[in-house]
Amino acid sequence: LSGKIICGECGSAYVGNSRKASDTHPHYVSYRCTHKNGKIKCHTGEVNRDMLDESVVNLISNIVFDDSKIESIVSAYKEYYNSQDDTYKAEINRLEKLIKEADKKIYNLVSAIAKVGISEALEESLKATEEEKANINYQLSNVKLMAEKSTLTDETIIKAFNSVKAEFRKGTLNGVKEIIDMFVDKVIVYADRVEVVLYYGS
């Protein structure tokens with residue numbers, strides 16, 4: 001939240017502050033007003049960093065990972081999958097057509113060899129065509145494998161959704177800061193409350 005927290009009384013920025021542990025006090029990390037606006041006598045105190053961070057993360061989590069959105073997320077994935085599925089089907093059809101063409105060419109070359117006998121030119125052409133067919137078969141196997149991997153059940157999507165939500169809440173999800181930056185405009189600290197201003201719309 002660094003750079004987003006401001007004081008509700010004097011308008012100054014809040015910055016991170018750390019106090020080392022002692023015999024009477026544990027280690028304490030907070031956000032503290034810089035009191036840079038000398039024209040206003042500011043009474044806002046410091047705020048526990050972990051508590052404020054957790055509160056904001058939970059707020060964003062309730063918006064971004066709202067359970068009511070699961071159905072629309074599943075629907076959006078299926079729509080995306082269908083578009084990808086059409087792409088895979090078109091590529092599979094194209095490769096299978098190339099294999100048939102290669103088979104026909106191999107058949108013709110073998111027939112020619114049977115009639116006139118083998119020659120260096122026919123042998124090289126047959127070898128090249130067989131290698132080409134093997135390469136096409138390899139591509140076809142990869143495309144079919146990708147098509148199978150792109151298929152996810154509703155249960156798998158929901159499980160992934162809940163897993164990402166849990167990681168976000170714990171702060172272990174990659175891109176947590178980017179998500180917070182996307183949604184949080186500023187955090188305003190008053191003596192009796194904290195207000196979080198969010199970005200909405202575009």
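In particular, which residue in S6 is the bridge partner of Ile-188?

Modeller: The bridge partner of Ile-188 in S6 is Glu-195. Please bear in mind that the model is a predicted one. The pair belongs to an antiparallel arrangement of S5 with strand S6, residues 194-198, which runs over 5 bridges. The two strands are connected by a hairpin, and 4 residues lead from S5 to S6.

Ile-188 also has a partner in another strand, for Ile-6 is bridged to Ile-188 of S5. That contact forms part of the pairing between strand S1, residues 5-7, and strand S5, residues 184-189, which is parallel and comprises 3 bridges. S5 accordingly pairs with S1 in the parallel sense and with S6 in the antiparallel sense. As a general point, side chains in a regular strand alternate between the two faces of the sheet.

The placing of these strands can be read from the order of elements. The protein chain has 5 helices and 6 strands, and along the sequence they follow the pattern β-β-β-β-α-α-α-α-α-β-β. The radius of gyration is 32 Å, well over the 17 Å that the globule rule gives for 202 residues, so the protein chain is more spread out than a compact globule. Along the principal axes, the C-alpha atoms fill a box of roughly 105 × 35 × 35 Å. Of the contacts between residues at least 6 apart in sequence, 57% join residues at least 24 apart.

S2, S3 and S4 form an open sheet of 3 strands in the order S2-S3-S4, and the pairing is antiparallel. Strand S2 (14-19) and strand S4 (47-48) are at the edges with a single partner strand each, so one side of each has no neighbour in the sheet. Strand S3, residues 28-33, is joined to S4 by 2 bridges in the antiparallel sense, and Tyr-31 has Val-47 of S4 as its bridge partner.

As for the surface, buried residues account for 27% of the 202 residues in the protein chain. The protein chain carries 28 positive and 31 negative charges, and their mean positions lie 5 Å apart.

Notes. Residues numbered from 1 in each chain as written. Predicted model: local features only at pLDDT ≥ 70, side-chain atom pairs only at ≥ 80, totals over all residues. Heavy atoms only, no water. Rg over C-alpha atoms; globule rule 2.2 N^0.38 Å. Buried < 20%, exposed > 50% of the residue type's maximum accessible area, 1.4 Å probe, protein only. Contact = heavy atoms within 4.5 Å. Lys, Arg positive; Asp, Glu negative; His and termini not counted. Charge placed at Lys NZ, Arg CZ, Asp CG, Glu CD. Pairing = 2+ DSSP bridges.
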